[in-house]
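I opened this entry to record what I looked up, residue by residue. The notes follow the order in which I checked things.

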Amino acid sequence: MRSLIFIIFTAIFSVPSFAQWYETQGHAIINSSKMQARTKAIENALKKALLVAGASVSSVQQVVNGLLMQDEINIRASGEVNSFELIDELYSGNVVTVTIRADIFPKERQCFSADYRKSLLITKSHIKNREQANIGGIYSLDKVLVKRLAKKINADGLYLDTKLVLKNNTEFSRYNYSLQADKIKKLTMSLSDLSGSQYVLFSEINDISFANVENNSWQFWQEDIYDRHFNFSIYIYNGSNGELVFNQNYKNSAPWHYSIRDQVDVNSNTFWQGEYGNIINQTLNAVITDIDDNMMCQPTRGKIVKVSGNEVMINLGKRQGVKEGDEFSLLHTKNFTSDLGKVYAGFNISPFTVKIIQVSEESALAVSSKGEMLDNIQQDDLAVRY
């Protein structure tokens with residue numbers, strides 16, 4: 001049955017002529033409540049509409065300005081929503097699909113680099129206290145978690161294009177624990193160079209213990225159901241200079257409905273549709289929202305892989321959203337060492353700019369805007385659009 005909801009802000013504002021309707025679908029799994037699943041589906045659809053319209057979504061727990069406040073959805077947008085319709089609602093098995101139409105007039109883009117998808121290398125996560133994974137045998141959560149994160153970013157994120165490296169653990173957690181910032185910089189720059197990525201994401205699963213449990217003895221386990229914590233941290237570093245650009249910690253918990261002897265398959269749909277898997281999914285959704293908001297205006301940096309006269313080849317292409325006619329500034333990479341022996345990555349801004357004349361999937365050819373010979377531009381320098 002079709003249902004219709006109109007929500008119009010009571011705040012007084014002029015409606016610009018370029019307001020547009022955006023129609024999109026949202027999906028959610030029905031666990032215990034159809035109403036909760038419906039709300040999540042609407043939230044998912046509205047988020048997509050706002051992002052496609054150029055809005056910036058920062059939260060999905062409650063809507064500012066009164067939008068869907070009764071459904072406990074919260075979305076802050078850089079654009080305005082004039083009205084909203086729920087035009088279709090379909091239940092099939094344990095999935096609810098909604099179709100919405102939102103009248104959105106976005107504000108102007110905050111930065112040129114929002115037009116591009118930044119390449120992000122996602123590394124295998126690290127369970128800091130592996131003994132906490134004993135109950136359920138969820139040792140592979142570190143690998144499965146980031147695979148789901150990468151898939152979600154590519155499906156729902158607007159500003160990142162991900163690559164995964166899962167075969168080996170990195171030394172990040174050890175360096176991070178011992179506050180070895182210089183070694184983290186070198187590790188980041190090395191991984192960025194090897195993968196051709198602009199940014200590198202490291203993560204740590206800090207806590208998957210049980211609430212209200214004084215020790216790790218299995219004797220505490222009776223018929224009661226205990227909450228299990230999920231504490232997760234992400235760190236995003238700039239691959240060009242190894243500097244930290246974003247860091248956030250997420251804490252949550254949910255009931256663990258398995259018995260003490262159950263070996264849980266964290267790859268299974270059963271796990272991800274359960275309460276604990278669902279709370280991890282919600283955390284990952286929050287991660288993606290925060291990453292999009294914070295990475296949107298980070299500079300898009302392409303590495304120069306070839307120089308010939310007044311032409312350069314950069315390692316950004318159609319996959320990242322580069323188009324013919326786009327203009328980039330050029331930076332010289334300049335590392336220097338302090339008197340204390342500490343290595344810093346720096347850049348000199350070149351007076352040259354270049355314009356893209358040819359684009360392939362993952363690279364682009366650019367020529368100097370005024371036809372000058374790019375004499376002092378070298379391989380591994382950067383092409384940047386802010």
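**S203 and its surroundings**

I started at S203 and listed its contacts, leaving aside neighbours within four places in sequence: S125, H126, V146, F232, S233 and I234. The model is a predicted one, which I keep in mind for every entry below. S203 sits in strand β7, residues 199-207. Is S203 buried or exposed? Its relative accessible area is 2%, and the cut-off for buried is under 20%, so S203 counts as buried. I then looked for a side-chain partner and found S125, whose side chain makes a polar contact of 2.9 Å with the side chain of S203.

**E89**

I moved to strand β2, residues 80-92, where E89 is found. At a relative accessible area of 15%, E89 is buried. I noted two polar contacts of its side chain. One joins the side chains of E89 and R38 at 3.4 Å. The other, at 2.7 Å, is with the side chain of Y91.

**Helix pair α2 and α6**

I next checked how α2 (residues 141-156) and α6 (residues 275-295) are placed. Their axes come within 10 Å and cross at roughly 50°. I recorded the crossing of α2 and α6 as right-handed. Which residues make the contact? From α2 I listed L141, L145, R148, L149, K152, I153 and D156. From α6 I listed I280, N281, L284, N285, V287, I288, I291 and D292. Sorted by class, the contact of α2 with α6 has 9 nonpolar, 2 polar and 4 charged residues.

I looked up N267 in the loop between β9 (244-255) and α5 (269-273). Not counting residues up to four places away in sequence, N267 touches V144 and W272. For N267 and V144 I noted a sequence separation of 123 residues and a C-alpha to C-alpha distance of 6.8 Å.

M296 is in the loop between α6 and β10 (300-308). With a relative accessible area of 5%, M296 is buried.

**Positive phi**

I also checked backbone angles. L179 has phi near 55°, a positive value in a residue other than glycine. L179 lies in the loop between α3 (172-177) and α4 (181-195). Its relative accessible area is 75%, and exposed means over 50%, so L179 is exposed.

D380 has a positive phi too, near 80°, and is likewise a residue other than glycine. I placed D380 in the loop between β14 (364-368) and β15 (382-385). How accessible is D380? At 40% relative accessibility, D380 counts as partly exposed.

**Whole chain**

I left the totals for last. I counted 6 helices and 15 strands in the chain. Of its 386 residues, 49% count as buried. Taking contacts in the chain with a separation of 6 or more, I found that residues 24 or more positions apart account for 69% of them.

Definitions and conventions
Residues numbered from 1 in each chain as written. Predicted model: local features only at pLDDT ≥ 70, side-chain atom pairs only at ≥ 80, totals over all residues. Heavy atoms only, no water. Axes fitted to C-alpha atoms, helices over the stretch in contact; angles between N-to-C directions. Helix = DSSP H or I, 4+ residues; strand = E, 2+ residues; numbered from the N terminus. Left-handed = near helix turned anticlockwise from the far one by under 90°. Contact = heavy atoms within 4.5 Å. Nonpolar A, V, L, I, M, F, W, Y, C, P; charged D, E, K, R; others polar. Buried < 20%, exposed > 50% of the residue type's maximum accessible area, 1.4 Å probe, protein only. Polar contact = N/O pair within 3.5 Å; in protein donor to acceptor, adjacent residues only side chain to side chain.
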